[in-house]
Amino acid sequence: MRCSAVTAVELFNELSGRFEKLEEEVKDSATKFIEGVWEDFLEELEAAFGDAFELGLEGRNLQETFALLDRLVVQYRGRLEALVEELKRRLSEELLRELESKVKLALEAFEQVLRLLHMFYLHSGDEWFLYLAMLLYALYKSRYPDSIYAIAGLGKFLRNELEEAFALAAYAARERLPRRPPAANPWENPKEWAKALELSYHYEIGMNVAAELMREWGIADALREPE
Amino acid sequence: MRSASQNETCILLDTNILVDFALDVIHEQLSEEERAAAEFARKLVLLSECKLLIPEIAVSVEFPRAFSRAVLEHHVTSEDKLRACVNMLKYIERILKVAGHEIVKCWDVNVLKIAAGWYYRIEKVKGSDWIKRRHQDLIILATAKANDACLITKNPKDFEEMMKVVSSAIPLCSVGVSGSRVRVSWLNTDPVKCVESLTGA
């Protein structure tokens with residue numbers, strides 16, 4: 001990934017003294033925002049595909065979820081594309097705006113949202129921020145029609161089905177993950193698919209944020225200097 | 001100690017590889033060699049299929065010591081920064097665990113017994129000052145021996161000298177960098193594929 005316009009250190013300094021309040025607000029508003037977008041998406045799917053959508057995405061196990069999504073992608077490719085692209089746009093643009101209104105920063109690229117969420121994770125230790133960042137990272141890297149699997153992953157995330165959420169998201173971004181996913185299907189080995197997503201995220205986003213802070217705060221120098 | 005029945009070759013990280021893993025490969029003014037070494041370490045930990053063993057002494061002693069030293073020397077009193085520092089160490093441990101790597105004990109009877117025996121023999125040959133300055137390397141070498149692991153390091157020279165004195169043939173992988181190219185060489189073992197593949201060899 002390219003070098004970001006706003007560095008992690010600049011973000012950290014800007015947020016300093018306000019972290020706890022912001023973390024609470026962002027978690028609350030992002031949850032509501034994603035829930036709202038997810039419900040709209042389900043309604044639109046039901047309206048567009050009727051019987052084909054059957055019981056919807058919720059309440060299905062991972063293999064059934066993949067089977068349904070595979071079928072939708074094959075049968076309704078053209079119609080589905082508009083829905084998926086609209087949802088992806090809302091998540092990236094509007095979530096960015098939503099977060100920006102909380103933190104009042106010029107977040108120009110979607111990657112900055114990931115860095116911001118990762119910083120909240122490093123500051124609070126709350127894994128919710130890490131999980132959301134990983135799912136958005138997969139969405140950010142995926143292309144239509146694969147992005148529908150990342151969107152379904154957000155639905156699983158809202159239901160706290162984390163391993164399934166990450167397996168779906170990893171599948172969506174599988175062609176662009178630096179960590180190679182396993183040969184098995186995601187529903188056969190969701191743990192390894194989730195691992196591929198998480199390690200790819202740490203490679204491209206998470207460790208860059210942490211390493212930049214370690215350098216700026218003199219920790220990297222201390223690590224390199226013998227006692 | 002780990003079971004000897006496992007088929008895969010375990011790679012024990014020397015502290016210098018773990019330090020490279022934590023370097024800022026994007027913004028820091030690193031030389032071409034330093035950047036290549038840091039990128040190699042990042043790939044080894046996060047992208048390779050290698051089963052890595054991380055000496056407890058590196059994760060639980062060296063890293064916290066460097067963090068606390070930096071906090072004191074830079075007069076960090078901001079609660080936000082301190083919280084992030086504390087959580088950053090947990091984050092690194094999380095990454096290692098998610099990747100399937102294992103933090104192995106150095107404060108272990110078997111490791112210490114091996115190290116103490118070697119220390120005595122090396123002291124006789126190389127002198128007290130020499131081995132005193134390298135006692136931590138000796139513990140890492142003993143950890144590799146006790147775990148039947150191959151030790152990967154950027155500084156193989158001292159390990160090779162120690163092995164020569166104690167007549168022990170512990171598998172060793174030396175990481176060398178020339179320009180932006182990383183090369184690995186192997187001693188007492190065949191090349192391990194998951195490491196070789198990172199060098200484009």
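This is a predicted model: local features need pLDDT of at least 70, side-chain atom pairs count only at pLDDT 80 or more; totals for chains, interfaces and linings use all residues.
# Notebook: a look through chains A and B

**Entry 1: Ala170(A).** I started with Ala170(A) and listed what it touches, leaving out residues up to four places away in sequence. The list is Ala138(A), Leu177(A), Pro181(A), Pro186(A), Trp193(A), Ala194(A), Ala196(A) and Leu197(A). (In contact: C-beta atoms, placed from the backbone, within 7 Å.)

Residues count from 1 along each chain as its sequence is written, with chains lettered from A and ligands numbered from 1 in the order written.

**Entry 2: the core.** Next I looked up the largest nonpolar core, which has 144 residues. (Core: buried Ala, Val, Leu, Ile, Met, Phe, Trp, Tyr and Cys joined through C-beta atoms within 7 Å; buried means 20 or more other C-beta atoms within 10 Å, exposed 12 or fewer, partly exposed in between.) Ala170(A) turns up again here: together with Ala133(A), Ala169(A) and Ile11(B), it touches the most other members. Helix H9 of chain A, residues 190-216, gives the most to this core, with 14 residues. (Helices are DSSP runs of H or I, at least four residues; strands are E, at least two; both are numbered from the N terminus.)

**Entry 3: where the chains meet.** How many residues of chain B are in contact with chain A? I found 29, facing 30 residues of chain A. On the chain B side, helices H2 (32-46), H3 (56-73) and H4 (79-98) each give two or more residues, and H4(B) has the largest share with 10. That side divides into 16 nonpolar, four polar and nine charged residues. (Nonpolar: Ala, Val, Leu, Ile, Met, Phe, Trp, Tyr, Cys, Pro; charged: Asp, Glu, Lys, Arg; polar: the others, Gly among them.)

**Entry 4: chain B overall.** I counted nine helices and six strands in chain B. Its radius of gyration is 17 Å, close to the 17 Å the globule rule gives for 201 residues, so chain B is as compact as a globular protein of that length. (Taken over C-alpha atoms; the rule is 2.2 Å times the number of residues to the power 0.38.) The C-alpha trace spans about 50 × 40 × 35 Å along its principal axes. I also noted that 41% of the 201 residues count as buried.

**Entry 5: the sheet in chain B.** Six strands form an open sheet, in the order S3-S2-S1-S4-S5-S6, with mixed pairing. (Strands pair if DSSP finds at least two bridges between them.) Why do S3 and S6 of chain B stand at the edges? Strand S3 (102-104) and strand S6 (181-187) each have a single partner strand, so one side of each is left without a neighbour in the sheet. S1 (10-13) and S4 (150-153) of chain B run parallel, joined by three bridges. Ile11(B), met in the core, has Cys150(B) as its bridge partner in S4(B).

Entry 6: Most residues other than glycine have a negative phi, and most peptide bonds are trans. I found a cis bond between Tyr144(A) and Pro145(A), omega about 5 degrees. Pro145(A) lies in the loop between helix H6 (127-141) and helix H7 (147-158) of chain A. His75(B) has a positive phi, near 50 degrees; it lies in the loop between H3 and H4 of chain B. Is His75(B) buried or exposed? It counts as exposed, because 7 other C-beta atoms lie within 10 Å. Asn188(B) also has a positive phi, about 65 degrees, and is partly exposed with 14 other C-beta atoms within 10 Å.

Definitions and conventions. Two residues are in contact if their C-beta atoms, placed from the backbone, lie within 7 Å. Two strands pair if DSSP finds at least two bridges between them.
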